[in-house]
Amino acid sequence: MADNNANKQQPNGLPRIGFYICHCGSNIAGTIDVADVAKYAAGLPGVVVSRDYKYMCSDPGQEMIAQDIREHKLERLVVAACSPNLHEETFRKAAAKGGLNSFFFQMVNIREHASWVHEDKKAATAKAKDLARAAVYRVRFHKALEKQQVPVDPNVLVVGGGIAGIHAALTLANAGKKVTLVERESTIGGHMAAFDKTFPTLDCAACILTPKMSAVKSHPNITLWTYSEVSKVEGYVGNYKVTVKRKPRYVIEDLCVGCMECIDACVFKEPKFADKFNQGLGKRKPVYIDFPQATPKVVMIDPETCIQFKTGKCKKSCAEACDRKAIDFDQKEEVKELQVGAIILATGFKTFDAKKEPHYGYGKYPGVFTALEIERLVNASGPTSGEVVLRDGKHPKAVGIIHCVGSRDEKTNKWCSRVCCMYSLKLAHLIKEHSGAEVYNFYIDIRAAGKAYEEFYDKLLSEGVHFIRGRVAEVTDWAMTPEEEGKLVLRVEDTLAGFVRRVPVDMVVLATGLEPQADAQEVRRRFNIGCGNEGFFQERHPKLAPVNTFTDGIFIAGACQSPKDIPDTVAQAGAAAAEALVLIDAGHVELEPNTSHVVEEECCGCKSCVPLCPYTAITFDEAKKKAVINEVICKGCGVCAAACPSGSIRQNLFEDEEIFSEIEGVLGK
Amino acid sequence: MAITQMMKYEADRDADFARWATSQTGGENLRHCIQCGVCSATCPLSLYMDYTPRRLINLAREGFKNEVLSSLTIWLCASCYACRVECPKKIQVTDIMYALKRRAIQEGVYPKRFPIPVLAKEFGRMIFMWGRVNETLLVIDLFLRTNWFKFLSMTGLGLNLMRTGRMSFLPDSIRRKDELRKILNALEADKTEVAK
């Protein structure tokens, strides 16, 4: 420890600097001779106090700094410790406590950058000295800065009306916030609305979901826009301007009461078009409603199949049947604008396209189904009223469920989709219950990690469902023995029995994995957030900030972030709503002052900075012919400052003299 | 080296056998098996087994009757109950082994001249006749039915045992043998009933 006299004058005219080095237990002190660095720093120009301490971030450590600032009249502060990500804010506060502007402080990372990455004690100590010197040289030029406060708009936008979006919207609305829920499809409910039962409790999906759907519709704080998409997002945390396109459904939402008399009156006497909600297993008319509990309960017209749209020569019996005159063939797309403070993205997932695994015969053999199709088949309100039948109407006697279709495969999707094991177990149970068929599960591992999930697996085992461990190589209709005639045969190594088997079945169910939505990349660009390699939205931190994104004020929830089941989705939606509330209820956000600004008299108006800004924070003042930076939007990336040919853009904390003296410091002796 | 087909067709499976196996006393839990293999790992005799207990359970509940009944595994089981102690699903592996042994004897598919089933059968026959086992006769019977040469090489040891009074030629017997036979017959009838 070296402590210079408190009353020593600074004849060189330099500001009085305090230097502090942390042991971090043995994290730093184990590799770096901290006392030696402290002694060295004491001799650097301007340093009047230099100390080492076991845990600088502890309360006594911070108190020591604050006290020194007062006693030694310190004007600048340098702390050599861990990453600024961890404790920069701690020491800024310590500086403020001592009466010093928080930005008269520079942090030196000698843990992640030195002690943790080196073994040679001598070299690591020398490196710590170099880094300390650089900071001491730089900190002299620091200026007093203040964090700017920006008000936050209290309204929230939730994108996606699946269970995640529904739960997030309801949570916020119940907290008294105004929420706009935007859903691309004609009804909210998402995938969950199509499910029959939910694992592991086997409670009916619709029974637990539809009350929440109608709560959304009737909630005074929620504005529900279905059949709508966000087309543009501008602004910044707390102050987003969002443009939403409301696609025409050719039915006036405010007038339609969902009596469905138009559907009965349609010139098509029988439903004849593939029903998307029922995975194409059922039929609908050109005027339709997805399912009886659709929310909002409003019909819509499909212009692709409606005769009026195709030929212009229809009797329009649907419009005649509607006594509320809700059908409007001339409805146009509407564009709406919204002001919100926070956005929650809950855009969900899509399932793997089973046709990409042609050896499983989806689309080739009528007996091969996807899991979503089976969800509709076993559903009492589905196209077969819950009867498990093949496409030819026959009842299957044996059913094979192939797990991991498209998942855990370097050729398709590398990841485990987390829900397929459990939904396959659920479907196995339901198929056995509805049809009495012999059910085989072909799995690689059973991943039943969740509350009461292993117990559900055990229940399935006891029900006599076959579990054959092995990835099915092929589904074929080529019979090799009499009992395989007319069947679909699955060839698989039963790795637990130790031989290859051919298992004949009537129905094959493909447990397709979960993937990012087809337009996930476009959406992430629109909202200026990141995606991981696999295409799911990137959270700020995989453990500690799972619903935050790298863009402040934009949160993610549900399967758009990664495959997850309903309990996890709901938990995450609640978390995203809470994070949005934290932002809104604070009323304002504090912005880091490391932003750029234009020195107007030096700007030559070349506009080269304008298109470079990744946050669109720079505009051009045509009257003055000068660039203008909105410091609220600026994230301090420094691109404009580096690119400005006249050097008229300055960035706080990264001014030329600060950077140059830091370089001098790190290179000098 | 002969090339044989190892792949199994549906015809190689006997669903009735699977149903029978999972309905035996102790076999109810068979379905709960998660194939962790701790039974095999803990078994002191699994190093000689053609199918490990874990694999045998899998084959039994899937109905691969021939593989199960002709395996050495069921005869090598020494009823030490180590697997039962370790099993996370409380499967009565030893009880299942007994059920499979009985079925193998019933169907006559156990390996010929293999001492353990012969011993089991002779043991049962003697109990039925006398209510007691006569070791001398049991051993002689066992060797004559399985391995002649072994019998000759063991003669010295046998004579020594008899001389020291450890083994006797005279069959020991209990009173009221009729009643014991009634009990045994009733049990047997009961078992056949369950098997059906």
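This is a predicted model: local features need pLDDT of at least 70, side-chain atom pairs count only at pLDDT 80 or more; totals for chains, interfaces and linings use all residues.
**Chain A as a whole**

Chain A has 669 residues, and 47% of them count as buried. Its secondary structure comprises 17 helices and 35 strands. Taken along the principal axes, the box filled by the C-alpha atoms of chain A is roughly 100 × 70 × 40 Å. Among the contacts in chain A with a separation of 6 or more, 71% are made by residues 24 or more positions apart.

**One residue of chain A: A:A29**

A single residue may now be considered in its setting. A:A29 is found in the loop between β2 (17–22) and α1 (34–42) of chain A. Is A:A29 buried, partly exposed or exposed? The residue has 17 other C-beta atoms within 10 Å. Because a buried residue needs 20 or more such atoms and an exposed one has 12 or fewer, A:A29 is classed as partly exposed.

When neighbours within four places in sequence are left aside, A:A29 is in contact with A:H23 and A:V34.

**Where chain A touches chain B**

How many residues of each chain take part in the contact between chain A and chain B? On one side there are 17 residues of chain A, and on the other 14 residues of chain B. Two elements of chain A, α13 (453–462) and β27 (499–505), each give two or more residues to the side that touches chain B. The largest share of that side comes from β27(A), with six residues. The residues on this side of chain A are divided by class in the table below.

| Class on the side of chain A that touches chain B | Number |
|---|---|
| Nonpolar | seven residues |
| Polar | five residues |

**The domains of chain B**

Chain B is divided into two parts, domain 1 (11–107) and domain 2 (115–195). The distance between the C-alpha centres of domain 1 and domain 2 of chain B is 26 Å. Which residues make up the contact between these domains, by number? Domain 1 of chain B supplies four residues, and domain 2 of chain B supplies five residues. On the side of domain 1 of chain B that touches domain 2, three residues are nonpolar, one is charged and none is polar.

Methods: Residues are numbered from 1 along each chain as its sequence is written. Chains are lettered from A and ligands numbered from 1 in the order in which they are written. Helices (H or I, at least four residues) and strands (E, at least two) are DSSP runs, numbered from the N terminus. Two residues are in contact if their C-beta atoms, placed from the backbone, lie within 7 Å. Ala, Val, Leu, Ile, Met, Phe, Trp, Tyr, Cys and Pro count as nonpolar, Asp, Glu, Lys and Arg as charged, and the others, Gly among them, as polar. Domain bounds come from an automatic or database domain assignment.
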